[in-house]
Amino acid sequence: MSLADLPRYEFARPRTLDAACALLSQREQTGGRTVLLAGGTDFMVQVSQGPLVDGPLPWVLDLSRLEELLGVGFDGTTLRIGAGVTYLALQRDPIVREYAPLVARMTHDIGGPTIQARGTLGGNLATASPAADGVAAIAAYDPVIEVRSLRGSRKIPMAALQTGYKQTSRANDEIIVAIELRAPAHGSAWCWRKVGARLAQAISKVAFAGIAELHDGRTTRVGFAMASVAATTALLPNTRELVLATPLGSLTAAAVDAAVTLDVSPIDDVRSTRNYRVHTAKAVVRGFLRELGAPL
Amino acid sequence: MKVALKVNGVQRHVDMAPLARLLDALRGPLGLTGAKEGCGEGECGTCAVLLDGVPVNACLVPIGQCDGREVVSVEGLGSIEHLAPLQACMAEHGGAQCGICTPGMLIAAEALLRRNSDPTANEVRTAIAGNLCRCTGYERIVQSILHAAYDLRSSDKGAAE
């Protein structure tokens, strides 16, 4: 759409989550399309670059200042992160730094400071780009995503959220409210690796998040996730299974590489090649397992 | 949509389409052309302003989200007659060449120095990581910001004594 279309947008800024759900539900019943706006780092680029779709312009529902979507809490087991918390706020949050250091570390690699100040996990989960670093980072914790609508609340396990390239199981009348993740044992190992063309303002060629709890040379909990290696955020089930089933000292590079190869299906694109991504995926997983003590 | 916001310490009002960008408001009705439009998609940082004290790309912020908020643009740092130490150091130490990135660099640096009065060169580089410069090779910008930090610390010390 052109700038001349701007006045035709309907824009609403509900004061409460309930009001937002009601507006969204009403809108869905009349068959109109609604954009849920958080930090705008994707949407504002689309707005200025051209038509989103043919036909009527979508409504815009601004969720960026809904208190119910802000804030971080920890109950001793579970870390709850509001869907509207910016990456900058996550970076500075003492609870996140203490109980999910991987998430805090990842935020430094998102865009640059001005993008970190605006982008949110809720936004990245909703748009479901497989290249989203933030989604890969939290996916390593196997979180649940809480969504709310007039019909009520439900919690979607991360593995059931993304149903295809930029597709999710969130219904059109549902708003992502929070991310809940079970914190690993305090002081557990974690790894965040982003491989891109430069340190800042680069979309990942490959990004890897890993967490592991160890007891007597075996992993008792493991979480891996990767960005930019498949149509959805890759959760590396074969690699997880291998690592959980094998004492660290018995892992071999060949077995790890074979599992990773099964778990990723990258493409050639403007940022990288399939071959480079497969190579890098294996390398970053082996690197983390080596840190854990595997003889790779 | 009528939006009331504080710009460089002064209460202002604009009436624009809610998805018009903060950058359009600044450069249009607010008459502040310091923030530049570079890429228009959040890559280059030359439109950076402080929104409630945090640096953002004004090209990615819809004005509909700005009601009741506080914006500082490069004009809010100092004036031609009274340059802020950051501005003076950019001029003196060759941090500004063609000038397109300068307003965004100054805002990014201002945000850094408000939180960290004695940054390392690496911290400066991280703070300006979202701001592209095609002239200086960045080194002179980093040096300018470090000089400004030093000058600010010295004047603070002077004021305290």
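**Stop 1: where the two chains meet**

Start by selecting the residues at the contact between the chains: chain A gives 31 residues and chain B gives 32 residues, where contact means heavy atoms within 4.5 Å. This is a predicted model, in which local features need pLDDT of at least 70, side-chain atom pairs count only at pLDDT 80 or more, and totals for chains, interfaces and linings use all residues. Residues are numbered from 1 along each chain as its sequence is written, chains are lettered from A and ligands numbered from 1 in the order in which they are written, and side-chain values use heavy atoms, with hydrogens and water left out.

The size of an interface is often given as the accessible area lost when the parts come together. Here, chain A and chain B bury about 2,400 Å² between them, with 60% of it on carbon and sulfur atoms. Buried area is the accessible area (1.4 Å probe) that two parts lose on being put together, summed over both. Now pick out A:Met44, A:Thr114 and A:Arg118: in chain A, these lose the most area to chain B, together 25% of what that side buries.

**Stop 2: the chain A side of the interface**

Next, color the elements of chain A that touch chain B. Helix H2 (43-49), strand E3 (59-62), helix H3 (87-92) and helix H6 (113-116) of chain A each supply at least two residues to that side. Helices (H or I, at least four residues) and strands (E, at least two) are DSSP runs, numbered from the N terminus. Which element gives the largest share of this side? H2(A) does, with six residues.

Sorted by class, the side of chain A that touches chain B has 16 nonpolar, nine polar and six charged residues. In this sorting, Ala, Val, Leu, Ile, Met, Phe, Trp, Tyr, Cys and Pro count as nonpolar, Asp, Glu, Lys and Arg as charged, and the others, Gly among them, as polar.

Look across the interface of chain A and chain B as well: the rule finds zero salt bridges there (a side-chain nitrogen of Lys or Arg within 4 Å of a carboxyl oxygen of Asp or Glu). For polar contact, the rule finds nine residue pairs between chain A and chain B, both residues at pLDDT 80 or more. A polar contact is a pair of N or O atoms within 3.5 Å; within protein, one must be able to donate a hydrogen and the other to accept it, and residues adjacent in sequence count only if both atoms are side-chain atoms.

**Stop 3: all of chain A**

Show chain A as a cartoon, and you have twelve helices and 13 strands. Its C-alpha trace spans about 60 × 45 × 30 Å along its principal axes.

**Stop 4**

Switch to chain B, which has five helices and five strands. Its C-alpha trace spans about 45 × 40 × 25 Å along its principal axes.

At the contact, domain 1 of chain B gives 15 residues and domain 2 of chain B gives 13 residues.

These two domains of chain B bury about 1,000 Å² between them, 67% of it on carbon and sulfur atoms. Select B:Thr46, B:Leu50 and B:Val74, which supply 41% of the area that domain 1 of chain B buries against domain 2 of chain B, more than any other three residues.
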